[in-house]
Structure formats: structure tokens, C-alpha cells
Amino acid sequence: MPEGHTIHRLARDLQRTLGGAPVRATSPQGRFAEGADRLDGHPLVAAEAWGKYLFCDVGTGDVLHVHLGLIGKFRRRPSPPPDPVGAVRLRLEGDAATWDLSGPTRCELVTVDEQVAIVARLGADPLRRDADVDATRERFVRSGRPVGAYLLDQSVIAGIGNVYRAEILFLCGIHPTRPARSLSEEEFDQLWSTTVEQLRLGVRMGRIVTTDPDEIGRPRSRMRSEDRLYVYHRDHCRRCGTELEVIPMGGRPIWCCPVCQPA
Ligand SMILES: [Zn+2]
């Protein structure tokens, strides 16, 4: 599933390529024909992400709300575009680029008030400048839930998915079974700053790379895929070689190193 960095990068790219001039909107697959009609001919005024949620405001009172879910994709095509491939729910065609949306969990028009209500149910997004760190810290202090499960809860922190939660806890040396409230203030602050740093790096790279280039001996852009992560979906810790623990948590497995992340 795309994590927050993908959606923020997407919002930035949509804004850059579709902002300012009228956009032609169609639903080649037909399932979003009415919505596409309402978007058609309006410029994209603002595209923004909150966690894994994307909002595109066209300035008419309609906001396009997209959640990619597990298999959804927004693919960039040249303009004028080639024929759509597969079931394209929405095609946004600008002068500089065309974007094809397929397989989203959500693709709908909402009002600005509805956007506010959706965002109100989400936690702080570490990639946003308006992220409320203090409120997030307060929630950690009050929660007995395992931190590994807590990090996946989008109503606590929005934008972390299964890859980042495993990698961030590894980078901070925190075992995922520890209750959120057992983290010291320093540990929480390190967890937050590591999250911000890693997600920003993800936006810049367009992929998740958490390993230290000095440790791997190559720059991030030239790392082999098996060297980009410390623990996620691995058998052994990329740092110390210890066999990893795999624990079901928050509905998905999490990988952790018993040496680098003492329980
Ligand atoms: Zn280790």
C-alpha cells in the first residue's frame, strides 16, 4: 500500500503539472463519469495530502478526494495521452501531463466541509507543517497499546504504513511490543523526528530507503533493492545479522531485531 510519502509526492506532481490551466477530466471506465463531468474544464487550484488521503480542490466547491488503498495507482502519461490502459476511473489531462487513476479505494467529490470532517478523523501528518506534535505526544502518554500497532493507526499519526513503521522503530531502537506510554519523552521526540526525516526522504527519493549510505557503501540512489531497508520483510537484520522476529500486530506482520531493539 502506498504510504504518506507517495501521496505527498503525488500531490506535488499533480499541482506542478496540472495547476493553473483548465484540465480535461474524463472517466474512460465510466464509473466516475458524473464526477469527471463536474471537474472537466476547471483548473486544479490546490492539491494536498493528509497522510494517505489526497484532496484536489478545483475552486468550484468540489474537492476530488482519492484514497489509493492497496492497489490504486495514479500513473503519469504524456499529453496528448495515448489510449487508456486497463480500467481507468479518472483521467486528468493537462497541457504538460496526463494522469490516469485506476483501482482506488475511494474516488469521489466532497465539499470543503466534508474534507475538513475527513481530516478531523486523522492524526497528525509528519509531512505537514501544521502537524500537532504536542497533541500526538499526549496521546502516546495515555495509551497502553503496543507502539507497533499504534503507529499504523491513521487516527494517531497519518501516513505511516507497514514498511515505515518497522523501519522507524528499528532506527529508534524501540521494540514494537512496548506500550506507547512506556516511551520516554526523549524516545517519543526521536520517534517523531525520525518519522519526519524518513518520510521527507521518501518524498524526495520517490521510494523508501532507510539505510545509511555510509553503512551500505553506496549512495541511496544506487543502492540495490535488498540494501534499502534494515528489517522490513527480511530474514536477518541488515545491521547486525541477527535473525529477525516477526510479530502479527495491528493486522499486519512487523519485523524487528531482538538485538538492535531490545524488548
Ligand atoms: Zn540488529
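How many aromatic pairs does the count come to? The count comes to five aromatic pairs, where rings of Phe, Tyr and Trp (its six-membered ring) pair if their centres lie within 6.5 Å. This is a predicted model, in which local features need pLDDT of at least 70 and side-chain atom pairs count only at pLDDT 80 or more, while totals for chains, interfaces and linings use all residues. Residues are numbered from 1 along each chain as its sequence is written, and side-chain values use heavy atoms, with hydrogens and water left out. Helices (H or I, at least four residues) and strands (E, at least two) are DSSP runs, numbered from the N terminus.

**An aromatic pair**

- The ring centres of F74 and W99 are 6.2 Å apart and their planes stand at 85 degrees, so this pair is edge-to-face. For the plane angle, under 30 degrees counts as stacked, over 60 as edge-to-face and the rest as tilted.
- Since F74 lies in strand 5 (residues 73–77) and W99 in strand 7 (residues 98–102), the pair ties together parts that are 25 residues apart in sequence.

**The sheet with order 1-6-7-5**

- Four strands form this open sheet, in the order 1-6-7-5 and with antiparallel pairing; two strands pair if DSSP finds at least two bridges between them.
- Strand 1 (24–26) and strand 5 are at the edges, each with a single partner strand, so one side of each has no neighbour in the sheet.
- On average, neighbouring strands here are turned by 15 degrees against each other, direction ignored. Axes are lines fitted to C-alpha atoms, for helices over the stretch in contact, and angles run from 0 to 180 degrees between N-to-C directions.
- Strand 1 and strand 6 (residues 88–93) run antiparallel and are joined by three bridges; T26 stands opposite R91 in strand 6.
- Helix 1 packs on this sheet, where it touches strand 5, strand 6 and strand 7, contact meaning heavy atoms within 4.5 Å. The direction of helix 1 makes about 140 degrees with that of strand 7.

**The sheet with order 2-3-4-8**

- Here too the pairing is antiparallel, in an open sheet of four strands with the order 2-3-4-8.
- The edges are strand 2 (46–50) and strand 8 (106–110); each has a single partner strand, so one side of each is left without a neighbour in the sheet.
- Neighbouring strands of this sheet are turned by 20 degrees against each other on average, direction ignored.
- Five bridges pair strand 2 with strand 3 in the antiparallel sense, and the bridge partner of E48 in strand 3 is F55. Their hairpin has two residues between the strands, and G51 takes a positive phi near 60 degrees there.
- Strand 3 and strand 4 run antiparallel and are joined by five bridges, with C56 opposite L64 in strand 4. They form a hairpin with five residues between them, and G59 in the turn has a positive phi of about 80 degrees.
- Strand 4 (residues 63–67) pairs with strand 8 over five bridges in the antiparallel sense; the bridge partner of H65 in strand 8 is E108.
- Helix 1 packs on the sheet by touching strand 2 and strand 3 (53–57), and its direction makes about 180 degrees with that of strand 2.
- Helix 3 (residues 112–120) lies across strand 2, strand 3, strand 4 and strand 8, and runs at about 130 degrees to strand 8.

**Helix 7 and its packing**

- The axes of helix 1 (residues 4–18) and helix 7 (residues 185–205) come within 8 Å and cross at roughly 50 degrees. That makes helix 1 oblique to helix 7; angles under 35 degrees count as roughly parallel, over 145 as roughly antiparallel, 65 to 115 as roughly perpendicular and the rest as oblique.
- The crossing of helix 1 and helix 7 is right-handed, meaning that the near helix is turned clockwise from the far one by less than a right angle.
- H5, H8, R9 and R12 of helix 1 meet L199, G202, V203, R204 and M205 of helix 7 in this contact.
- By class, the contact of helix 1 with helix 7 has three nonpolar, three polar and three charged residues. Ala, Val, Leu, Ile, Met, Phe, Trp, Tyr, Cys and Pro count as nonpolar, Asp, Glu, Lys and Arg as charged, and the others, Gly among them, as polar.
- Helix 6 (residues 162–172) packs with helix 7 at an angle of about 130 degrees, and their axes are 10 Å apart. That makes helix 6 oblique to helix 7, and the crossing is right-handed.
- The contact of helix 6 with helix 7 has seven nonpolar, five polar and no charged residues.
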